[in-house]
Amino acid sequence: MPIIVFFLFCLTENCFISVQLIQANQAGSSSGMLFLAFQKAFTFLLGTGMIIKSFISDRHTSIAKWMREDCARHCREIGKPVVQHFFDIWHVARSIGKAMTKLGKAKHCEKVADLAKCARNHLYWCTTSTKQ
């Protein structure tokens, strides 16, 4: 039976703060397993005394929606600051690169594909050179 192991890692403390094991029969699909593991881990963390300022994840749509709606509501209910959610820059850059490469295959757009690497590098530079 397929299993997913989900880790939450704290960058400020440099350690794992939650590990969740989810079996396929608990969620139905691999995407559902990932979301269920995330939800269990994050709900547990919100129940502790820990203040979570920000959370970085891939672009999983269910996680983004939960962070935007349910997490914000839950934080307000328990009197904690709302957690800021950011997307992992690698996934964003990959998506931009793939889109530019695909566009570059169209007629008269060949130069767009040549700029894909430059666009990814610029995105990395922008995110690493800002304070937040």
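Visitor: Which residues form one aromatic cluster here?

Guide: The cluster is made of Phe6, Phe35, Phe38, Phe42, Phe55 and Trp66. Rings of Phe, Tyr and Trp (its six-membered ring) count as a pair if their centres lie within 6.5 Å; planes under 30 degrees apart are stacked, over 60 edge-to-face, and the rest tilted. A word on the source: this is a predicted model, where local features need pLDDT of at least 70, side-chain atom pairs count only at pLDDT 80 or more, and totals for chains, interfaces and linings use all residues. Residues are numbered from 1 along each chain as its sequence is written, and side-chain values use heavy atoms, leaving out hydrogens and water.

Visitor: How many aromatic pairs does the structure hold?

Guide: There are 9.

Visitor: What makes the pair of Phe9 and Phe16 edge-to-face?

Guide: Their ring centres are 5.1 Å apart and their planes stand at 75°, so the pair is edge-to-face.

Visitor: And why is Phe16 called exposed?

Guide: Buried means under 20% relative accessible area, exposed over 50%, and partly exposed in between (1.4 Å probe, protein chains only). Phe16 has 52%, so it counts as exposed, whereas Phe9 has 40% and is therefore partly exposed.

Visitor: What kind of pair do the rings of Phe42 and Phe55 make?

Guide: With centres 5.0 Å apart and planes at 75°, the pair is edge-to-face. Phe42 sits in helix H2 (residues 30–47) and Phe55 in strand E3 (residues 54–57), so to speak distant parts of the chain, 13 residues apart. Helices (H or I, at least four residues) and strands (E, at least two) are DSSP runs, numbered from the N terminus.

Visitor: Are Phe42 and Phe55 buried or exposed?

Guide: Both are buried.

Visitor: Which strand gives the most to the nonpolar patch?

Guide: Strand E1, with 4 residues. One of the patch residues is Val5, whose place is in E1.

Visitor: Why is Val5 called partly exposed?

Guide: Its relative accessible area is 41%, so it falls in that class.

Visitor: How do you know that the protein is more spread out than a compact globule?

Guide: Start with the layout: 6 helices and 4 strands. The radius of gyration is taken over C-alpha atoms, and the globule rule is 2.2 Å times the number of residues to the power 0.38. For 132 residues the rule gives 14 Å, and the protein has 18 Å, well over that, so it is more spread out. Its C-alpha atoms fill a box of roughly 55 × 40 × 25 Å along the principal axes.

Technical notes: Patches are made of residues with over 30% relative accessible area and no salt bridge: like charges are joined within 9 Å, nonpolar side chains (Val, Leu, Ile, Met, Phe, Trp, Tyr) within 5 Å. Accessible areas come from the Shrake-Rupley method with a 1.4 Å probe; for residues, only the protein chains shown count as cover. A salt bridge is a side-chain nitrogen of Lys or Arg within 4 Å of a carboxyl oxygen of Asp or Glu.
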